[in-house]
Each structure stands twice: as C-alpha cells, then as structure tokens.
Amino acid sequence: MDHLLEPLVIRHTHRLPEPSGPAGQGDVAARQFDAALMSVGFKLSAPLLERLSRLSGETVVGTATRTLDTVREMVGDHVRHNVYFRDFPANVPDTVEFWMRCIWEALADDASRESTLAQLRTGVVDLLTLPSYGTYQHTYAEMLAAHDELIEAAGDRVTVLHPGGPLADEVTGLYLALAGSTTPLGEEHLHDLAALARRCADGPQPKAIPVRENRAVVNQARLEAGADLLLDTVTDVLRLACALSGGDVTLTEPTRFRSLPRPVRRALLAGLDAVIAAAPAKLADVTAHREAFKRLGERLHPHEYPRLPHAAEVFAVARGEREVRSFDSRFEELLGAHDVTGAARLLTAAPGKLFRSLDRLLRMCRTQDERDAVVATAEQVAPQVSGRVLLSVREHLHNRTDDRAGRRVFVNSRARAWATADTRAPVPPAERKRLIAALDAETRRRLPQPGHLLVDPGVLDVALPLSGKATAAGLGVLPRGSLSPVDGDLLRFFVHWKQTARSTDYDLSALMLDTRYASPSWLSYTNLTAVEGEHSGDITDAPDGASEFIDLRLNAVRRAFIVPQVNIFSGEGFEEAEESFFGFMLRDAEQRGRPFEPRTVRMKSELRGPGRVALPLAFLRGTDGSWRAKWLHVYLRGNAAANQVEGNRVSVATLVRGIVERDYLTVRHLTDLMAGRATATTLWDGTTVPDGPVTYIGLERPDGLHPDSRVITPGNLRDLIPD
C-alpha cells in the first residue's frame, strides 16, 4: 500500500517522504533527477538535493522514477496531447474554408461520396459524417516533429519539492490534517482521506472530527478495523451507511443501499440505539432524511434485533408510525406567528443555524427592539459557532449592502451553479455593522498568536477555503472567488478527456465579454480563428484520449472578460469519463514549443462535476491592461447533448457577473486580524527569510525557513480557518 500513499503525500504537501535505502554516492543521480524534474516544471529544494546525494544511486533512481510519474500526472504530462491542426497555433484555417475542405475530401472518398452528395442536395451537411472531420489526421510523432523546442524563460513555472520525514510519519500527519479539517473536503480529498484512514485506523487520531462527511469516511475505516465508531447523531450512522454502499456521504444525492453483512448491520443498529438512548430528542433529526432512513431500514432489518429497541424507534419515525416534533418545524411555527425573538431564542440550542438564519430573522423584524434582541442573541452564542460559519456569515453580510443588490448566485455542494434576481429586502445597516464587528472580534479571539508573521503578498487575494467543495482537485488551483495575476504574452487553455465506454465529444471554447458582460464573441470549433487567437480543432471521439487547445494573445484581446468553458457535445459526462481535466499555460511570445509544455502550465484541475458545461475560471482585464484570473469552479446543467458556447452565452455571462462582482473573504482578512497579535509582520520580498521561527503564509514554501516555522500554503490553507 505504501506505493499508493507516497504519491498522495507528494500531491498534498509537495514533500518527498524520506527514501529508505543504503547510504552511498548518489550525487550524480540526484542532479539528473533534478534536471528531469525541471523539464516538467518541478525542482528539488537544496536540502532535498543534499539528502538524496547521500543515498545510493540505485535508491535515488528508484525514487526519481516514482516521483516523476507522480508530478507528470499532477501537471497533466502523463498523456499525449495531440492536436487536430498539426502546426497549431500556426496555419489554423478559416472555419468555413476548413469545413469546405472536409467536404471536398469526403467527395473524393469512394466510401463517403454518395452520402455526402445526398446531404448537399438537402442543403445541410453533418460534419460528423465527413471522414476527415473530428479525428486526428497525423500521429503524435508527426505533430512533435512540426514544432520547435521550447525556449526556456524566466517566467516558466517552478514547483519546489521539499524533504519530508519517514513515509509513516508523513502519512499520519496528512491523515490527521484531513480528518481534523474544520472545512468540508472536496470529492478527491475525501477519497484520499478514505485511503489514509484505512492505514491509520489503529494509530493516532485527531482531537476532533468536526466535519460530518469526514467522520463518515473515518468511521468506515474504523468499522473495517474493528475499532469503536465515532457517532453522536443518527445522521452520522446514515452517512456511514452511505459510505459503506459507495454512495454520497454529503447526503446530497440519494444512495442505493447495498445488502450488508450481519456484523455490519448490527454495528449500525447498535450505533443508532446508543445515540437515541443517550439523547432521545435526537429522534427529531430523522425527519430531515426520512426517505433515506426508510430505505436504510429495509436493509438493516431492525426487527431482528429486539435488544436494540431505540434503533427501532428511528425507523418508526421514518415510516411515520411515531410522530416527533422536529426542531425546524418549531422554528417555522414561531416565525409563522411572527415571534422573531422567540425563534432566535429557540436557535440558541443550534448556534450555527441561528447564524445562518440571521439575514432572514433581521428582515422579519418589525421593531428596533426585535432587531436589538436578535443581534444580542447572536452576540451571546457567537463563541459556540464554528469558525467556518463565522467567516461564511461575515462574507455574506459584507455583500448585503444596498449597492450590491442585483443577482444572487447559488452553488450547491457539487458545484452546480445558477443565478437569479435578488428580491430580498436589505439587511438593516446598523445591525449589519454591529454583527460584522462582533464576528471580527470573535474571529480575532480564536486566531493563534503567530509570533513573527511572514506573508507572501501574492496570497492576500486568495479566497478563504470555507468549503473544500469550492476548490477543484489539481495543481495550482485556488478556491472559488480567488484572484491571481496573469503574467505572460500568450494564454493557452487545454482540455483532455478519455472516454470510458462510448464515443464522447468535449468542446473547448472561450467566451469574450465587454465591461457590461455583453457583446459576446468566442473561439470554438465553429469559430476557429479570431483577432484574439486560434482553436486547435475539433476532436469528436476519445477512445485513447483527446486534447483541444485555445491560444490567445492577451495584448490583442480588447474585451474585459475571457471565460474558458468545456461543453459536452455528446457522450459521457465529466464524472463518467475515465479521465477529464482542464488547465491553462502562460508563455512569452518567442518561446515556441509544443502545444503542451508542462513547464508553462500554471494550473491543471480535474473536471468531475455534475453538469454538462464546466466553467473553471474567468480572466479579468484591469483598466491598466493587466490581467487577473478569478476562480469559478462551477458547472451549468446544460443540455443532454449539443452544448455550445453560442447557446449558453447568456446564462454564462449572468453567472460570471454574479461571481466576479461578489467580494469573497480572502486571506488578507485573516492576516489583518492576526497582525495585531503578531510580534512582527513582514511582507516577504521573495528572497531572504528571517533566521528564527515564523508563521509563513504564501503560495509556495520558501527554502531556508526555520524548521520550527508554521507554514500555510494553498495545500493546507484550510488550517488557517479557526475552530
């Protein structure tokens, strides 16, 4: 199992676990390893290079082979990226000219001539029936031969790998960090947590597992290891059952429960029995997931366990045979009677729900006394609210001013997004200001004393990861709402996919909008060339994998926004395909090189969302002509087939406007709060670091930090969120 866990550690931490092997003269092999890494945009730190040089050459070569495989996959270089137009971005034809050429080639082909003539008589030709359309017309080797070598540039990405401890220690540390996360994890990180939990079930455990989805994954491993389960609500048991059935532990999507072995059924029922025996009022939680509990009961057979009567009560409530008043129903009843202060007092038993309901409660208040009572209740219970909820409500209130009324954007836990008009009344300004002050004070109280605070200015506009579901898995990926500078002459998007079982056609497009999010133009397979750039050509089938690219000269783009998107024209969804990922590269104008050059990749993210249109990020042009990326990580439902940039331009523009114009809470907010408790605060200049321990917050870990330093980078940015 170790060979599976080492890549996991490298992906999450950018640390290379300490290789096990004899000492020797590995300096030559280590330098060769470093050179090979640099070809894909990675590098060994000086301490790691020194450590490897003291090992045997054989050990270094084995380590290099495994690590290179890992980092190539991280950056997307583990596949062959071919293009339809061999010389791309040079010699891309006009769209109509290209289509006409495909028709002439079809007419010259005996096998396709008659069907093409028949289509021409009707006035409509299906491009997919033309033999030379949508499939590679040259080999990968022929494509490589058509391109010059990449010229090295100072702006090429370099991701540094640092020395780690023994693999067992690195695995344990990563497990504790993921399991104890104060924010929900994304799907890939939950999968990684499951692998780590199986390895670490008998070892050290985090002091608390506050996120319920994480607890379900850990409980599955503990159940398999015969350890005690961590349960304090009936929903914990439901989530565990979903995990055991390979379902959705977030409970967003229904799970088809599997038949479970008798020992497992008994463990789940015993867990339910213990929870209700300790707190009978928790039966009220069943109603929130009544249908799921009914289906689970059909699999667990509670009637076979008469010694667990409290478990049977759970399913009696689910079936409606026993009535239990839910917390939500009591809350809604008080609001229905317009007893706003009574509703607020009721929610003191559920502080997180109170804070998430503050906007609604304040809008329902009729008098100043009611508003004062609601705010006072919130101030009273603030110490009991999780840090993630405090910050989420802080961000919400910041955006609830009169000048921000317009569109509301909704993004569910699976990143499916939609927008609608905001018809809510404003939050009263005085109460909004008072609550923001209380939230900041409570957050400041919880933040640790950082000592010497060393901050990379490049991280200040990164959005706080209040949910791992707001960040896709990948390299160089930042949370939704983050802003990052874009430096380079050429911006190149890429998408790669490989179908699992049926013909699948993904289409890479780029929508360009003006300052009013209007006057759209685009690059796509229907518009291969424009003033701003070129499309590499349409690939319509991917049994062995396929790639598409868009090249843009940023100084030629006159629009205010560039919105890359991936549309599913036909075939498998993003979650069905064997593999699908998106990314972008930045190059200097004279670098040349292949269509895909790993050293120039700035970001590569997995496409695993539920919709048929993916919007990974948008690019914003400033008044000075500079460009920044704003990270979206959202999916539109789209159509079952034939999704095109032309058809979704209005919905995309509306959604992008809602996200771009929203102010997200960023790292800057927390560093400002921490600065008052720091012994010193320094903006890192990118060169020297202090001699003593620091709390470093930045995009990449610098070399030379004191070993006792606390380091926060995007890989563990969730650790910045207070409990």
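**Cavities and helix contacts**

Colleague: Hi! What volume does the largest cavity have?

Modeller: Its volume is about 40 Å³. Bear in mind that this is a predicted model.

Colleague: Noted. And which residues line that largest cavity?

Modeller: Asp 77, Val 79, His 81, Tyr 140, Met 143, Leu 144, Arg 594 and Phe 596 form the lining of the largest cavity. Sorted by class, that lining has five nonpolar residues, one polar and two charged.

Colleague: How many cavities of 30 Å³ or more are there?

Modeller: The structure has four of them.

Colleague: Okay, what lines the second largest cavity?

Modeller: Around the second largest cavity you find Phe 355, Ala 378, Glu 379, Ala 382, Leu 390, Leu 435, Ala 438 and Leu 439. By class, seven of these lining residues are nonpolar, none is polar and one is charged.

Colleague: Which helices each supply at least two residues of that lining?

Modeller: Those are α19 (368-381) and α21 (429-446). The biggest share of the lining comes from α21, with three residues.

Colleague: So how do α19 and α21 lie, roughly parallel or roughly antiparallel?

Modeller: Their axes come within 10 Å and cross at roughly 10°. An angle under 35 degrees counts as roughly parallel, so α19 and α21 are roughly parallel to each other.

Colleague: Which residues meet there?

Modeller: From α19 there are Gln 368, Arg 371, Asp 372, Val 375, Ala 376, Ala 378 and Glu 379, and they meet Glu 431, Arg 434, Leu 435 and Ala 438 of α21. The contact of α19 with α21 divides into five nonpolar, one polar and five charged residues. Ala 378 and Glu 379 of α19 belong to this contact, and they also turn up in the lining of the second largest cavity.

Colleague: Nice link. What about α20 and α21, at what angle do they cross?

Modeller: The axes of α20 (residues 387-398) and α21 come within 10 Å and cross at roughly 150°. That makes α20 roughly antiparallel to α21. The crossing of α20 and α21 is left-handed.

Colleague: Who makes that contact?

Modeller: On the α20 side, the residues are Gly 387, Leu 390, Leu 391, Val 393, Arg 394, Leu 397 and His 398. The α21 side has Arg 432, Leu 435, Ile 436, Leu 439, Asp 440, Glu 442, Thr 443 and Arg 446. By class, the contact of α20 with α21 has seven nonpolar, three polar and five charged residues.

Colleague: Another pair, then: how do α12 and α13 cross?

Modeller: Helix α12 (residues 262-278) and helix α13 (residues 290-300) have axes that come within 10 Å and cross at roughly 130°. They are therefore oblique to each other. This crossing of α12 and α13 is left-handed. Arg 265, Leu 268, Leu 269 and Leu 272 of α12 make the contact with Phe 293, Arg 299 and Leu 300 of α13. Five of the residues in the contact of α12 with α13 are nonpolar, none is polar and two are charged.

Colleague: Changing topic to the backbone: where is there a cis peptide bond?

Modeller: One joins Phe 88 and Pro 89, with omega about 10°. Pro 89 sits in the loop between α4 (57-75) and α5 (95-107).

Colleague: And what is the phi of His 14?

Modeller: His 14 has a positive phi of about 55°, although it is not a glycine. Most residues other than glycine have a negative phi. You'll find His 14 in the loop between α1 (2-13) and β1 (15-16).

Colleague: Great, thanks!

How values were computed. Residues numbered from 1 in each chain as written. Predicted model: local features only at pLDDT ≥ 70, side-chain atom pairs only at ≥ 80, totals over all residues. Heavy atoms only, no water. Axes fitted to C-alpha atoms, helices over the stretch in contact; angles between N-to-C directions. Helix = DSSP H or I, 4+ residues; strand = E, 2+ residues; numbered from the N terminus. Parallel < 35°, antiparallel > 145°, perpendicular 65-115°, else oblique. Left-handed = near helix turned anticlockwise from the far one by under 90°. Contact = heavy atoms within 4.5 Å. Nonpolar A, V, L, I, M, F, W, Y, C, P; charged D, E, K, R; others polar. 1 Å grid on protein atoms, 1.4 Å probe; cavity = no way out; pocket = protein on both sides within 12 Å on 5 of 7 lines; lining within 4 Å. Points joined across faces, edges and corners; volume = space filled by probe spheres on them.
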